[in-house]
Amino acid sequence: MRLNPSATQWHSIRSYATGRSRLGATLSLEHFLQRARVLSLYRTIIRSTRRIADPTTRAETRRFAREEFERHRGVTDLNHIRYLLSTGKTEWESMERYIDGL
């Protein structure tokens, strides 16, 4: 049985203990929560597009939604994220009313 950790194991232990992740910066709790809300909105939009009968319109809607989310991917300001979420939800709700009317 080996009791001494190797250099790579020490690195893993040290980076875990110091909060430095190999995946990048650690998110604050508020950023984590906003990220979850953004992903939830994105999933809702993608799921809801299934109700669009015309395949071309469905694909265009999905492409537009993805492009908008990608365009704002780098936003880190919490107030701007909240604004984008609010605007996105409002726009999607109006779009849903249009889709349901088809």
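Which residues are linked in a network of salt bridges? In this predicted model, the network joins R51, E96 and D100.

## Overall architecture

The protein contains four helices and zero strands, and its elements follow the order α-α-α-α along the sequence. Among contacts with a separation of 6 or more, 65% involve residues 24 or more positions apart.

Of the 102 residues in the protein, 14% are buried. The accessible surface amounts to about 8400 Å², and carbon and sulfur atoms contribute 55% of it.

## Salt bridges

Six salt bridges are found in the whole structure. Within the network of R51, E96 and D100, the side chains of D100 and R51 meet at 3.3 Å, N to O. This pair links distant parts of the chain, with D100 in helix 4 and R51 in the loop between helix 2 and helix 3, 49 residues apart. D100 is exposed, at 53% relative accessibility, whereas R51 is partly exposed at 44%.

A further salt bridge connects R82 and E30, with an N to O distance of 3.2 Å. R82 belongs to helix 4 (residues 78–101) and E30 to helix 2, and the two are 52 residues apart. R82 is partly exposed, with a relative accessible area of 35%; E30 is likewise partly exposed, at 27%.

R71 and E68 also form a salt bridge, their closest N and O atoms lying 2.9 Å apart. Because these two residues are three positions apart in helix 3, about one helical turn separates them. R71 is exposed, with a relative accessible area of 56%, while E68 is partly exposed at 26%.

## The aromatic pair

The structure holds one aromatic pair. Y42 and F69 adopt an edge-to-face arrangement, with 5.0 Å between the centres and 70° between the planes. Y42 lies in helix 2 (residues 29–48) and F69 in helix 3, so the pair ties together parts that are 27 residues apart in sequence. F69 is partly exposed, at 24% relative accessibility.

T61 is located in helix 3 (residues 55–71). Its relative accessible area is 10%, and T61 is therefore classed as buried, the cut-off being under 20%. Leaving aside residues up to four places away in sequence, T61 touches T49, I52, W92 and M95.

## A nonpolar surface patch

L27, L29, F32 and L33 make a nonpolar surface patch of about 390 Å². One of these residues, F32, is found in helix 2. F32 is partly exposed, with a relative accessible area of 47%.

Key. Residues are numbered from 1 along each chain as its sequence is written. This is a predicted model: local features need pLDDT of at least 70, side-chain atom pairs count only at pLDDT 80 or more; totals for chains, interfaces and linings use all residues. Side-chain values use heavy atoms; hydrogens and water are left out. Buried means under 20% relative accessible area, exposed over 50%, partly exposed in between (1.4 Å probe, protein chains only). Contact means heavy atoms within 4.5 Å. Accessible areas come from the Shrake-Rupley method with a 1.4 Å probe; for residues, only the protein chains shown count as cover. Rings of Phe, Tyr and Trp (its six-membered ring) pair if their centres lie within 6.5 Å; planes under 30 degrees apart count as stacked, over 60 as edge-to-face and the rest as tilted. Patches are made of residues with over 30% relative accessible area and no salt bridge: like charges are joined within 9 Å, nonpolar side chains (Val, Leu, Ile, Met, Phe, Trp, Tyr) within 5 Å. A salt bridge is a side-chain nitrogen of Lys or Arg within 4 Å of a carboxyl oxygen of Asp or Glu.
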